[in-house]
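Below is a short briefing for a reader who is new to this structure. Please look at the sequence and the model first.

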Amino acid sequence: MNKKFLGILIVIVFAVFTTGCHVPPRSFVERQLVGSEESVDYEHQKDNTQLVIGDINSKPGTVAPTTTPSTTTSNSTTSIASETTTPTSLPSTTTTPTSTPSITTTSTSSASTPTNTQLTYSRPPATADASGCQTMFVGLPEYAEGAKIVSLTFDDGPRPDTTGPLLDILKTYNVKATFCMVGWRIQGNEALVKRMVDEGHLLCNHSWDHPNLTELTDEEVIEQITKTDNAIYQATGLKAPLIRPPYGAYDDNTNALIDKPVLMWNLDTRDWESRDTDEILDKINSEIKSGDCLLFHDIYEPSVEAVRILIPQLMNQGYVFVRTDELLTADGTPLTNGHVYHQAPILPEPTSTTGIVAQVNE
Ligand SMILES: [Zn+2]
């Protein structure tokens, strides 16, 4: 009997030790996971409190075509726009549907679609220019000439559970976008960044961990850009040809240090603020016009859902989605390093009244 009791005691002690060694308390694991997100978000929050938030670039859209020049040479004032990612990214345990969007949501056979114009994209695959950057295109693709044009840009990713589904949507509609990425998020998500290039999207450097560049030393600014360039290069074999400064904050000095054209936007979807698909769509629909460069954040699920609805909606209104380099150089003028770009240059009045329907890729 004593032996039996001893045996049971040994089993119990062994079980307790085994569990204690290999499974840390749940709360400890959760703190670890949340901690890394929170520390970054805290920095954003801290920055936000120091900024004067003003939607200086988004103006109510009234008429197409675009009437504002796209090029703004840097001036002596610091520019701080409203690209203020507030904080809290979705918890890392959140799952997002990853299924490819239903093809039936496209309007290929919709009676309300005027004329089906097949949108095809025939630009060559990404290559490196002389400086090792992803080659940018100059001018509009043929199918976009004379049409209303618009371009999509996504900041602060990549984030697998939102950027992945977004890439699926863009692929379905054959829409090419621009991804302005923060370097720290690229680590571990290299395959996602490679997928962007393989599927024809444009790479954009959005700093390493989203500081206000105008508040850094020259060395720190260069480090922010170089580290992210290196991360993008490691993932794709290409460097990003564009930079979007966090918070849209730049000045003469940062632009001189940045050896790339500076990409801003002129229609802020405010998705970082509303985090609501309907509000994002309302904001866009009330302002959009030809030549616009839209700012989204691909780290929020409502933003991805808004894009899923927006693309076929705008196509039915006759808009053609072009890549941001094509939008900004629509008049044939190449981009210049250190210059700031918000939207398409002045273009002739769009003549196309036909609906544009996507080429659906399986
Ligand atoms: Zn950002």
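In which loop is Pro-158 found? Pro-158 is found in the loop between β3 (148-155) and α3, and the peptide bond from Gly-157 to Pro-158 is cis, with omega near 5 degrees. This is a predicted model: local features need pLDDT of at least 70, side-chain atom pairs count only at pLDDT 80 or more, and totals for chains, interfaces and linings use all residues. Residues are numbered from 1 along each chain as its sequence is written. Helices (H or I, at least four residues) and strands (E, at least two) are DSSP runs, numbered from the N terminus.

**Helices α3 and α10**

- The axes of α3 (residues 160-173) and α10 (residues 301-316) come within 9 Å and cross at roughly 5 degrees; axes are lines fitted to C-alpha atoms, for helices over the stretch in contact, and angles run from 0 to 180 degrees between N-to-C directions.
- The two helices, α3 and α10, are therefore roughly parallel to each other (angles under 35 degrees count as roughly parallel).
- On the α3 side the contact is made by Thr-162, Pro-165, Leu-166, Ile-169 and Tyr-173, and on the α10 side by Glu-301, Val-304, Val-307, Arg-308 and Ile-311; residues are in contact if their C-beta atoms, placed from the backbone, lie within 7 Å.

**The largest nonpolar core**

- Of the 72 residues in the largest nonpolar core, Ile-149, Cys-204, Ile-232, Leu-294 and Ile-311 touch the most other members; such a core is a set of buried Ala, Val, Leu, Ile, Met, Phe, Trp, Tyr and Cys residues joined through C-beta atoms within 7 Å.
- The element that gives the most to this core is α10, with seven residues.
- Ile-311 is in contact with Ile-169, Tyr-173, Val-175 and Phe-321, leaving aside its neighbours within four places in sequence.

**Strands around β5**

- Strand β4 (residues 178-181) and β5 run parallel and are joined by four bridges; strands pair if DSSP finds at least two bridges between them.
- β5 also pairs with strand β6 (residues 242-243) in the parallel sense, over two bridges.
- Cys-204 of β5 is the bridge partner of Cys-180, and Cys-204 stands opposite Leu-242 in β6.

**Residues with positive phi**

- Asn-174, in the loop between α3 and β4, has phi near 60 degrees.
- Tyr-247, in the loop between β6 and α7 (252-257), has phi near 65 degrees.
- Asn-174 is partly exposed, with 18 other C-beta atoms within 10 Å, whereas Tyr-247 is buried, with 25 (buried means 20 or more other C-beta atoms within 10 Å of a residue's own, exposed 12 or fewer, and partly exposed in between, with C-beta atoms placed from the backbone).

Conventions
Parallel < 35°, antiparallel > 145°, perpendicular 65-115°, else oblique. Contact = placed C-beta atoms within 7 Å.
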